[in-house]
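Subject: Structure for you to look at

Hello,

Here is the structure I said I would pass on. Please open it next to this message and follow the residues as they come up.

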Amino acid sequence: MGPEGQMALADHLRELRARMLIIATTLVVGIVVAWFFYEQTFGLLLHPYEAARETLEARGVETQPVISGVATSLLLQLKISALAAVIVTCPIWLYQIWAFIVPGLHPHERRSTKMFAVIAGPLFVAGVGVAYYVLPKGMEVLIGFTPADIQSLIEFDKYLSFLIRMMLVFGVAFEIPLFVVMLNLAGIVSGRTLGAYRPWIVLGTFVFAAVATPSTDPFSMIFLAVPMSVLFLLSELVARGVDRRRARSGGRLAMLDDDERSELDDEVEDVRRSDLDEDD
């Protein structure tokens, strides 16, 4: 990092390489640890299907999970271990993404965006949890279209891919309102703008949920769109609070004379240099 807070392109690439190496190492360690808990993880992932099958059997619909292929079982164990590693280590790799962006921010923005490292992980896990909760109902609706006297054989490999898409879509979707708050903290989007476009944002949220949800049932769409809409409203409230704080700070700054402004600029410069020294 240079004295003006700037970084050369080669340094940015080296920083990116370092962050990617940390993420890759974390995921590899997570996969190795999750490998020893495969049986427990397998039962946890199979539970939504088992819950849906109990309801379907009461309605006379027969379904059975199957595994086809010689190497499919090994690939399934690798996929399940990787999925568990991504979910469990999400605070670490989300923080690495945040840490790569931080050097390009101003000192006051850097301190404000520290909440990203604290909130991003729990939001991602919350999205995954919501997907896991609604999955039995969605599978019940989809498998329920099986005609009478026909048994539905569900390939577990395809079921796992479907489950992973659901969890990732919900997890990433729950991060979008936090991204909106980050844009507000960076001064790109204001709370008033979010309020003006609120109806369109809510409508777009439902459209996004309908398109992004792997299943076609309305329950999954509603369980994705409603929490996202609530999170968007909360992000708007946060953005308006940040805007009001900026307005008060701007008003106080306008009341200062030239000497006081110069003294304040010196204090800000000292804080910026101390932050750069801490990063070094």
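Val-32 counts as partly exposed, at 46% relative accessibility. This residue lies in helix 1. Please keep in mind that the model is predicted.

Val-32 belongs to a nonpolar patch on the surface, together with Val-28, Val-29, Val-33, Trp-35, Phe-36, Phe-37, Leu-74, Leu-75 and Leu-78. The accessible area of these residues together is about 960 Å². Two elements, helix 1 (9–35) and helix 3, each give two or more residues to the nonpolar patch. Which element gives the most to the patch? Helix 1 does, with five residues.

Helix 3 covers residues 72–88, which makes 17 residues. From its first C-alpha to its last, helix 3 reaches 24 Å, close to the 24 Å expected at 1.5 Å a residue. Helix 3 also has buried residues: Thr-72, Leu-76, Gln-77, Ile-80, Ser-81, Leu-83, Ala-84, Ala-85 and Ile-87.

The chain as a whole

The protein chain has 280 residues, and 35% of them count as buried. There are twelve helices and two strands in the chain. Read from the N terminus, the order of elements is α-α-β-α-α-α-α-β-α-α-α-α-α-α.

Salt bridges

How many salt bridges does the structure hold? It holds six. Three of the pairs are described here.

One of them joins Glu-50 and Arg-53, whose closest N and O atoms are 2.8 Å apart. Both residues are in helix 2, three residues apart, so about one helical turn separates them. Glu-50 is partly exposed, with a relative accessible area of 23%. Arg-53 has a relative accessible area of 15% and is buried. The cut-off that decides this is 20%: a residue under that value is called buried.

Another salt bridge is made by the side chains of Arg-198 and Glu-236, at 2.7 Å from N to O.

Arg-240 and Glu-236 are four residues apart in helix 11, so they are separated by about one helical turn. Arg-240 counts as partly exposed, at 29% relative accessibility.

What separates the C-alpha atoms of Gly-241 and Gly-191? The separation is 8.0 Å, although the two residues are 50 residues apart along the chain.

Gly-127 is in helix 6 (residues 114–143). With a relative accessible area of 0%, Gly-127 is buried. Gly-127 and Val-172 are 45 residues apart in sequence, and their C-alpha atoms are 7.4 Å apart in space.

Helix 7

Helix 7 takes in residues 156–173. At 1.5 Å a residue, its 18 residues should span 26 Å, and the end C-alpha atoms are 25 Å apart, so the two values agree. Its buried residues are Phe-156, Tyr-159, Leu-160, Phe-162, Leu-163, Ile-164, Met-166, Met-167, Val-169, Phe-170, Gly-171 and Ala-173.

A charged patch

The surface also carries a patch of negative charge, where Glu-54, Glu-57, Glu-62 and Asp-149 gather. Of these, Glu-57 has its place in helix 2 (residues 38–58).

Regards

Terms used: Residues numbered from 1 in each chain as written. Predicted model: local features only at pLDDT ≥ 70, side-chain atom pairs only at ≥ 80, totals over all residues. Heavy atoms only, no water. Patch = residues over 30% accessible without salt bridge, like charges linked within 9 Å, V, L, I, M, F, W, Y side chains within 5 Å. Areas by Shrake-Rupley, 256 points an atom, 1.4 Å probe, with all protein chains shown as cover. Salt bridge = Lys/Arg side-chain N within 4 Å of Asp/Glu carboxyl O. Lys, Arg positive; Asp, Glu negative; His and termini not counted. Charge placed at Lys NZ, Arg CZ, Asp CG, Glu CD. Expected span 1.5 Å × (residues − 1). Buried < 20%, exposed > 50% of the residue type's maximum accessible area, 1.4 Å probe, protein only.
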